[in-house]
Amino acid sequence: MPEDFQLAQAEMPEPGDGEFLVAMRVGSVDPAIRGFLDDRPSYIEPVALGAPINGMSLGEVVASRNPDYPVGTLVRAFATWQDHFILSGDSWGLEKVEQQPGTDLHHYMGALGPVGLTAWVGLFAVGEAKAGETVLVSAAAGATGSTVGQIAKARGCRVIGIVGSAQKADVIRELGFDAAIDYRATPDIAVEVARHAPDGVDVYFDNVGGEMLEAILPLMRLHGRVAVCGMIGQYNDADHPYGVRTLWQLVVNRIRMQGFITYDYPHVLAEAQAELDQWVAAGKLRPLANLRDGFENLPAAFIDLMSGRTIGKTLVRI
Ligand SMILES: NC(=O)c1ccc[n+]([C@@H]2O[C@H](COP(=O)([O-])OP(=O)(O)OC[C@H]3O[C@@H](n4cnc5c(N)ncnc54)[C@H](OP(=O)(O)O)[C@@H]3O)[C@@H](O)[C@H]2O)c1
């Protein structure tokens, strides 16, 4: 609810030795933030009541006491929802951004940034997708899903996307997916996936978890891989997680199911970034963005994202 958020003024922070002050230019709006707002352990500490929300940010260095990050440097990092914030050289997820002429800055927070890297790491480093294999992705018209499908196609995979509306199905077909399934218009998702993947699924890139995961596991091929990127279907009701009843299939078909956090794979990020840049330049990866303007609109954009209405990456430009 909008009234659960508060816009607060604070003193402008001053960088200490080795630190730099960043002015936010593009704020990333992510489902993971929903988890950070629960008072339970996760891969970061819960956001304390009254404290600024954590999220990925792209910004410009405006004051610096770190010679590696002079004024004018563009950086992205895991930061907080503040229009100015302090970073240091070892901040989590810190990367310099080299904006290419003609490329909008917001794409470096989308397909040319964390979204693209998440899709690449999950699909290739975790899922080990190879040319000729069948890839299935849920939330396929979303930020991550729409990127997964396109980069899987770029590497020669067959791609099936699962989405929540006829409009989203049209969007992903237009992006080049081989098949699109609207789960809301399908009485039995397993029957529909099996129709499009009669020999089974090699890689399931899971964004949703819950009943969808339960339905897909029996459709995996021998030695299939499930790259668990997220479980958005569970985030709003974390006290009542869905009990997936088909886990025995992991044994039957020797399936490897692995969760991942993108920035745990620093050794592949440069390779991933280079390939994403090439695919965008070649028109093989078309970034989809759901843009809003104004720092004060971060909460509204977040509520929009969690409603399931959005297509592509939800971002706020400042
Ligand atoms: N592991 C990592 O490092 C990492 C990094 C980034 C994101 N993620 C995860 O990747 C997943 C996708 O994130 P994203 O940023 O790309 O978001 P997104 O897909 O752009 O947006 C979320 C979409 O999820 C679908 N959805 C399914 N069940 C939902 C529910 N109960 N409530 C709301 N939406 C629901 C909706 O699409 P439909 O209408 O098609 O159902 C919605 O549009 C999330 O699980 C997120 O946590 C993980």
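Which residues are the closest of those that surround the ligand? They are Gly142, Ala143, Thr144, Gly164 and Gly230, out of 28 residues around the ligand; a residue counts when its C-beta atom, placed from the backbone, lies within 6 Å of the molecule. The model is a predicted one, in which local features need pLDDT of at least 70 and side-chain atom pairs count only at pLDDT 80 or more, while totals for chains, interfaces and linings use all residues. Residues are numbered from 1 along each chain as its sequence is written.

The shell around the ligand consists of 14 nonpolar, twelve polar and two charged residues. Here Ala, Val, Leu, Ile, Met, Phe, Trp, Tyr, Cys and Pro are nonpolar, Asp, Glu, Lys and Arg are charged, and the others, Gly among them, are polar. Domain 1 (2–110 + 288–317) and domain 2 (117–263) each give the shell at least three residues; the domain bounds come from an automatic or database domain assignment. At least two shell residues come from each of α3 (143–154), α7 (232–235) and α10 (298–306), and the largest share, three residues, is from α3. Helices (H or I, at least four residues) and strands (E, at least two) are DSSP runs, numbered from the N terminus.

Two backbone angles also deserve a look. Most residues other than glycine have a negative phi. Histidine 223, in strand β10 (residues 220–228), has a positive phi near 65°. Arginine 254, in the loop between α8 (249–252) and β11 (256–259), has a positive phi near 50°. Histidine 223 has 11 other C-beta atoms within 10 Å and is therefore exposed; arginine 254, with 12 such neighbours inside 10 Å, also counts as exposed.

Key:
Buried ≥ 20, exposed ≤ 12 C-beta atoms within 10 Å, placed from the backbone.
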